[in-house]
Amino acid sequence: VNVGDVQERWHGLSLVHLAVIDRSPDLIAELLKRECPLESVARREVVGGGGPPEEYTPLRLAVFLGEVRCTSQLLDLGAHVSEVIRADACANEAVCEMFGGPSVVGLA
């Protein structure tokens, strides 16, 4: 995957990861009914980045993408929230409130 000037390689994407990429929260629930694992781990490697590959569960991927509906669905289905996921979420305005961050919508 090329994002701007950054090339990424993903390894081990599950069907649930692909549902997140497709932004299909309803598909996530259907996949879990068919015994697809909620906590499967894919690895993201930034080519030329020099660091080790990072591990992404479907929830961390949804947070990474700022995908609100998939993040909400995964949380509702009981996805584990690690400290890494919580930190990623708090840095992403689209999903931070779901993880105890500040409200991004307010009434004036």
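Helices here are DSSP runs of H or I with at least four residues, numbered from the N terminus. In this predicted model, E67 sits in the loop that links α3 (58-65) to α4 (68-76).

**E67**
- E67 is buried, because its relative accessible area is 8% and the cut-off for buried is under 20%.
- A polar atom of the E67 side chain lies 3.5 Å from the backbone nitrogen of C70.
- Apart from neighbours within four places in sequence, E67 is in contact with V20, R23, A62 and V95.

**α2 against α4**
- Helix α2 covers residues 25-33 and packs on α4 with the axes 8 Å apart, at an angle of about 30°.
- The two helices, α2 and α4, are therefore roughly parallel to each other, since angles under 35 degrees count as such.
- The crossing of α2 past α4 is right-handed.
- P25, D26, I28 and A29 of α2 meet R69, C70, Q73 and L74 of α4.
- By type, the residues of the contact of α2 with α4 are five nonpolar, one polar and two charged.

**α3 against α4**
- The axes of α3 and α4 cross at roughly 155° and come within 8 Å.
- That angle makes α3 roughly antiparallel to α4, because the cut-off is over 145.
- The crossing of α3 past α4 is left-handed.
- On the α3 side P58, L59, A62 and V63 meet C70, T71, L74 and L75 of α4.
- The residues of the contact of α3 with α4 comprise seven nonpolar, one polar and no charged.

Terms used
Residues are numbered from 1 along each chain as its sequence is written. This is a predicted model: local features need pLDDT of at least 70, side-chain atom pairs count only at pLDDT 80 or more; totals for chains, interfaces and linings use all residues. Side-chain values use heavy atoms; hydrogens and water are left out. Buried means under 20% relative accessible area, exposed over 50%, partly exposed in between (1.4 Å probe, protein chains only). A polar contact is a pair of N or O atoms within 3.5 Å; within protein, one must be able to donate a hydrogen and the other to accept it, and residues adjacent in sequence count only if both atoms are side-chain atoms. Contact means heavy atoms within 4.5 Å. Axes are lines fitted to C-alpha atoms, for helices over the stretch in contact, and angles run from 0 to 180 degrees between N-to-C directions. Angles under 35 degrees count as roughly parallel, over 145 as roughly antiparallel, 65 to 115 as roughly perpendicular and the rest as oblique. A crossing is left-handed if the near helix is turned anticlockwise from the far one by less than a right angle, and right-handed if clockwise. Ala, Val, Leu, Ile, Met, Phe, Trp, Tyr, Cys and Pro count as nonpolar, Asp, Glu, Lys and Arg as charged, and the others, Gly among them, as polar.
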